[in-house]
Amino acid sequence: MKKYLFLAIIGLISTVSVMAQQDIKFAEGSFKFGKIEQNKPVTHIFTFTNNGAKPAVIEFASAECGCTTPEYSKEAIMKGKSSTVKVTYNAAAMGAFSKRVTVKFAGINDPVILTIEGEVVAAKPKAGAK
């Protein structure tokens, strides 16, 4: 009997966790910049909607390296409202990149992972430059 009660509790917890994750819906989870010029930062704005019954609050958004900077509102996002996470990549290093930003919402165990990708290429010489 204890075994079945334990399994029922685990199932309930899993269901609540999945339901909480569905409360926040991002329009997209990744973005590809394509080729970008070196030392010309690029930005993408990820939009999400709070479909839950309670206000949503971002606890933190963190990038996996210093070359990527996330920005987000500290305000609560009410039911049915949308907000954004703005992600900027500094494009200092040449070559292909794939960077992740972890977004953690209050009251939701599993964070959302946003990804940006692209390739940093040499900047085009300015007209008239020798």
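Student: How many aromatic pairs does the structure hold?

Tutor: A pair of aromatic rings is described by the distance of the centres and the angle of the planes. The structure holds five aromatic pairs, where rings of Phe, Tyr and Trp (its six-membered ring) pair if their centres lie within 6.5 Å, and planes under 30 degrees apart count as stacked, over 60 as edge-to-face and the rest as tilted. Before we go further, please keep in mind that this is a predicted model, in which local features need pLDDT of at least 70 and side-chain atom pairs count only at pLDDT 80 or more, while totals for chains, interfaces and linings use all residues. Residues are numbered from 1 along each chain as its sequence is written, and side-chain values use heavy atoms, with hydrogens and water left out.

Student: How is the pair of F26 and F48 arranged?

Tutor: The five aromatic pairs of the structure include that of F26 and F48, which is tilted, with 5.0 Å from centre to centre and 40 degrees between the planes. This pair links distant parts of the chain, since F26 is in strand β1 and F48 in strand β3, 22 residues apart; strands (E, at least two residues) and helices (H or I, at least four) are DSSP runs, numbered from the N terminus. F26 is buried, with a relative accessible area of 11%, and F48 counts as buried at 0%, where buried means under 20% relative accessible area, exposed over 50% and partly exposed in between (1.4 Å probe, protein chains only). Another pair, F31 with F33, is edge-to-face, with centres 5.0 Å apart and 80 degrees between the planes. Here F31 counts as partly exposed at 25% relative accessibility, whereas F33, at 17%, counts as buried.

Student: Which residues do ring pairs link into a cluster?

Tutor: The cluster that ring pairs build consists of F26, F48 and F105.

Student: Which strands pair with β3, and which residues form its covered face?

Tutor: Two strands pair if DSSP finds at least two bridges between them. Strand β1 (residues 24-26) and β3 run antiparallel and are joined by three bridges, with N50 in β3 as the bridge partner of I24. Strand β6 (residues 82-89) and β3 also pair in the antiparallel sense, over eight bridges, and K86 in β6 is the bridge partner of I45. Along β3 (residues 42-50), the covered face is made of V42, H44, F46, F48 and N50, while T43, I45, T47 and T49 make up the uncovered face.

Student: How many disulfides does the count come to, and why is the one of C65 and C67 called left-handed?

Tutor: A disulfide is a covalent bond between the sulfur atoms of two cysteines. Taking a disulfide as a pair of cysteine sulfur atoms within 2.5 Å, the count comes to one, formed by C65 and C67 with their sulfur atoms 2.3 Å apart. The torsion about the S-S bond of C65 and C67 is about -50 degrees, so this disulfide is left-handed. C65 counts as partly exposed at 24% relative accessibility, and C67 is buried, with a relative accessible area of 15%.

Student: Which residues have a positive phi although they are not glycines, and are they buried or exposed?

Tutor: Most residues other than glycine have a negative phi, and most peptide bonds are trans. N39, which is not a glycine, has a positive phi of about 65 degrees; it is placed in the loop between β2 (30-37) and β3, and counts as exposed at 54% relative accessibility. A91, also not a glycine, has a positive phi of about 55 degrees and lies in the loop between β6 and β7 (95-105), yet A91 counts as buried at 0% relative accessibility.

Student: Which residues is T115 in contact with?

Tutor: Contact means heavy atoms within 4.5 Å. T115 is found in strand β8 (residues 112-121) and counts as buried at 15% relative accessibility. Leaving aside its neighbours within four places in sequence, T115 is in contact with G29, S30, F31, F46, S98, K99 and R100.
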